[in-house]
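Have the sequence and the 3D view open as you read.

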Amino acid sequence: MENQKQYDLNDVVEMKKPHPCGENRWKIIRLGMDIRIKCLGCDHSVLIPRKEFGRKLKKILVKHAE
């Protein structure tokens, strides 16, 4: 089975490709079948299917404290 990265709501993640504004840090603001992430540089939000998000995720930078 594939090694799944554990991410949660309000985590700050780094994606493989940077956003056009130059920032590469994103905050997860919605989890479901699709995942909505918000760019921490320009506040633009993007909705990505969960499977695609898993492929494009590079690493989790900050885990949200519960």
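**Asparagine 24 and its surroundings**

Leaving aside neighbours within four places in sequence, asparagine 24 is in contact with Val13, Glu14, Met15, Lys17 and Pro18; contact means heavy atoms within 4.5 Å. This is a predicted model, in which local features need pLDDT of at least 70 and side-chain atom pairs count only at pLDDT 80 or more, while totals for chains, interfaces and linings use all residues. Residues are numbered from 1 along each chain as its sequence is written, and side-chain values use heavy atoms, with hydrogens and water left out.

**More on asparagine 24**

- You will find asparagine 24 in the loop between β1 and β2; strands (E, at least two residues) and helices (H or I, at least four) are DSSP runs, numbered from the N terminus.
- Asparagine 24 counts as buried because its relative accessibility is 17%; buried means under 20% relative accessible area, exposed over 50%, and partly exposed in between, with a 1.4 Å probe and protein chains only.
- The side chains of asparagine 24 and glutamate 14 make a polar contact at 3.4 Å. Such a contact is a pair of N or O atoms within 3.5 Å; within protein, one must be able to donate a hydrogen and the other to accept it, and residues adjacent in sequence count only if both atoms are side-chain atoms.
- A polar atom of the asparagine 24 side chain also lies 3.1 Å from the backbone oxygen of methionine 15.

- β1 runs antiparallel to β2 (residues 25-30), joined by three bridges; two strands pair if DSSP finds at least two bridges between them.
- β1 also pairs with β5 (residues 57-62), in the antiparallel sense, over four bridges.
- Which residues are the bridge partners of glutamate 14? In β2 the partner is arginine 25, and in β5 the partner is lysine 59.

**The second largest pocket**

- The second largest pocket holds about 200 Å³ of space.
- Its lining residues include Met15, Lys17, Pro18, Pro20 and Trp26.
- At least two lining residues come from each of β4 (45-49) and α1 (50-56).
- On a 1 Å grid over the protein atoms alone, a pocket is an open set of points with protein on both sides within 12 Å along at least five of seven lines, and lining residues have an atom within 4 Å of a point.
- Grid points are joined across faces, edges and corners, and the volume is the space filled by probe spheres set on the points.

**Loops and backbone angles**

- Most residues other than glycine have a negative phi.
- Asparagine 10, in the segment before β1, has a positive phi near 70°.
- Aspartate 43, in the loop between β3 and β4, has a positive phi near 65°, and counts as exposed because its relative accessibility is 52%.
- Cysteine 42 lies in the loop between β3 and β4 and touches His19 and Cys21, not counting residues up to four places away in sequence.
- Cysteine 42 and proline 20 are 22 residues apart in sequence and 9.7 Å apart in space, C-alpha to C-alpha.

**Confidence**

- The protein chain averages a pLDDT of 88, and 91% of the residues score at least 70; pLDDT is the predictor's confidence in each residue, from 0 to 100.

Key: On a 1 Å grid over the protein atoms alone, a cavity is a set of points where a 1.4 Å probe fits but cannot get out, and a pocket is an open set with protein on both sides within 12 Å along at least five of seven lines; lining residues have an atom within 4 Å of a point.
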